[in-house]
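Thanks for coming. I have one model to go through today, and I will start with the ligand and then move to the chain around it. Here is the structure.

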Amino acid sequence: MIRFHNTLSGKVEEFVPIEPGRVKLYTCGPTVYDYPHIGNWRAYIFEDLLKRFLRFRGFDVTHVMNITDVDDKTIKGAAAKGMSLEDYTRPYIEAFYAERDILNALPADHYPRATEGDNIQGMVAIIKSLLDKGYAYRKDGSVYFAIDKFPSYGRLSKINLEDRRPGSRGDADDYEKDSVHDFALWKAPKKGEPVWETEIGPGRPGWHIECSAMSSRFLGLTFDIHCGGVDNIFPHHENEIAQSEAANGVKFVNYWLHCHHLIVDGEKMSKSKGNFYRLSDILAKGYAPEEVRFLLLSTHYRKMINFTEEALAQARTSRNRIRNLLFELRHIERDLPPAPAVAQAIETARAGFASGLEDDLNISEALAALFELVRSVNTVVSRGELGREDAQSVIDFVADIDDKVLACLTRDAPAPADADTLEAWVREKIETRQKARAGKDFRRADEIRRELLEAGIVLEDTKDGVRWKKAGTAKS
Ligand code: AMP
Ligand code: ZN
């Protein structure tokens, strides 16, 4: 049984999809007025873990992530630079896709952009229906949602509705919980802002309506899971529910999953606060993308991640424990009959890994099961009692859960991770290569050079012998 914490009920609930075997998932994507920062990646990697886990459990997942390319922030940014929205947002969209691939997050099935195709038309249709049904009203060329008309307003975010002043309204796409008011669905034309001529008049959409329109376009009026960071709960997701349910008359989303923030020095990392790191800043410090992914993955999604250099170093150490074992296992050559205890340990790890994730994506429990396997296999290896066949079974198990779920352990694993083992490994390769050359087996010698190159090691034949260095560094 799979269980998730549903923000709507405030409880951990059994997950039952609308259609057996299929999951329809919508995750709020980037507002592309700047480059993504590592806090955004906390949210996207949590969503990637969720999606990979659902696929691992056999579900066919349809994933939609919107790209907000028209809102208060993108309009302001483009105007400041005297650029079109399209030109202004393009580099940020490209950076988002590139970093997604570097961090090994699976691409969504659809990335609708607000300004693309007839998406604005879809938003206008919802607004029109809200006007017709009396949930929305016009004021000075804009259209607002009347929250008083929607009795369950506030159910998701548990806001204090007593604070609201009936009829008070705001135009800002984002606002704080203490100013609960009617919000803009459609904004009247303003000097310097893009304008669409539509059935409900000229203007441009508010931020919230974009997600209501684009989710339903691909996933239907009611779908299974909607995600984002906790900052999205109010007002964004609260408003999405109000608009969609008022317009469609059916439940919008069954499960709302929100991840907690990644913080720096006790504050949420955010573009507007300027306290942010980009992925490239961290890679420039010498960390591998897989180490960053491991760090982002390994804290339960409903807990805050305090982003520090120590946390990165800790992620590296933990990940290397697994990788160093894998390296040793690859070099076991002795033939011993398979030990039932090893098969048993793998099965226990497999079950613990799956049951941890089934329990509201409890990654700590899932990883604990993996580390327990590492510990017990290390003991057998150090006694010299692990044979080649068992070694391969452990490798296959780790590769399987990594390929399907974790996606940060084995991808670049040909060489050992820590410096001392690496030194010994390279020396041994160089020696084998020298022997091959001495025996005129140049094909084998070349193979070894290529294998080292794949692991990022460059050989230099000098008159004083063979020297090596990591590709792209000066060290030898
Ligand atoms: P934005 O580009 O600001 O619309 O944010 C895109 C996604 O990143 C949303 O799901 C946000 O909730 C999430 N997000 C933004 N900042 C953080 C942070 N510091 N920690 C975790 N998630 C965040
Ligand atoms: Zn959204």
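The side chain of Asp231 has an N or O atom 2.5 Å from an oxygen atom of ligand 1. Please keep in mind that this is a predicted model, so distances here are computed from predicted coordinates. Next to that, Asn232 places a polar side-chain atom 3.1 Å from an oxygen atom of ligand 1. With Met269 the contact is to the backbone: a polar backbone atom of Met269 lies 2.9 Å from a nitrogen atom of ligand 1.

How much of ligand 1 does the protein bury? On its own, ligand 1 exposes 490 Å², and the protein buries 95% of that. As for location, ligand 1 sits in the largest pocket.

Now the shell. Ligand 1 is surrounded by 20 residues. Asp231 and Met269, which I have already mentioned, are among the closest, and that list also has Thr31, Gly229 and Leu262. Sorted by class, the shell contains ten polar, six nonpolar and four charged residues.

Which element gives the most to the shell around ligand 1? That is α1, with five residues. Helix α1 covers 38–56, and strand β11, at 223–229, also supplies at least two shell residues.

On to the domains. Which domains each give at least three residues to the shell around ligand 1? Domain 1 and domain 2 both do.

Between Phe234 and Pro235 the peptide bond is cis, with omega about 0 degrees. Pro235 belongs to helix α6, residues 233–248.

There are also two residues other than glycine with positive phi to point out. For Asn104, phi is near 60 degrees; Asn104 is in the loop that runs between α3 (85–102) and α4 (119–132). For Asp360, phi is near 50 degrees, and Asp360 is likewise in a loop, the one between α10 (340–358) and α11 (363–382).

Terms used. Residues are numbered from 1 along each chain as its sequence is written. Chains are lettered from A and ligands numbered from 1 in the order in which they are written. This is a predicted model: local features need pLDDT of at least 70, side-chain atom pairs count only at pLDDT 80 or more; totals for chains, interfaces and linings use all residues. Side-chain values use heavy atoms; hydrogens and water are left out. A residue is near a molecule or strand if one of its heavy atoms lies within 4 Å of it. A polar contact is a pair of N or O atoms within 3.5 Å; within protein, one must be able to donate a hydrogen and the other to accept it, and residues adjacent in sequence count only if both atoms are side-chain atoms. Accessible areas come from the Shrake-Rupley method with a 1.4 Å probe; for residues, only the protein chains shown count as cover. On a 1 Å grid over the protein atoms alone, a cavity is a set of points where a 1.4 Å probe fits but cannot get out, and a pocket is an open set with protein on both sides within 12 Å along at least five of seven lines; lining residues have an atom within 4 Å of a point. A molecule sits in a cavity or pocket if more than half of its atoms lie within 2 Å of its grid points. Helices (H or I, at least four residues) and strands (E, at least two) are DSSP runs, numbered from the N terminus. Ala, Val, Leu, Ile, Met, Phe, Trp, Tyr, Cys and Pro count as nonpolar, Asp, Glu, Lys and Arg as charged, and the others, Gly among them, as polar. Domain bounds come from an automatic or database domain assignment.
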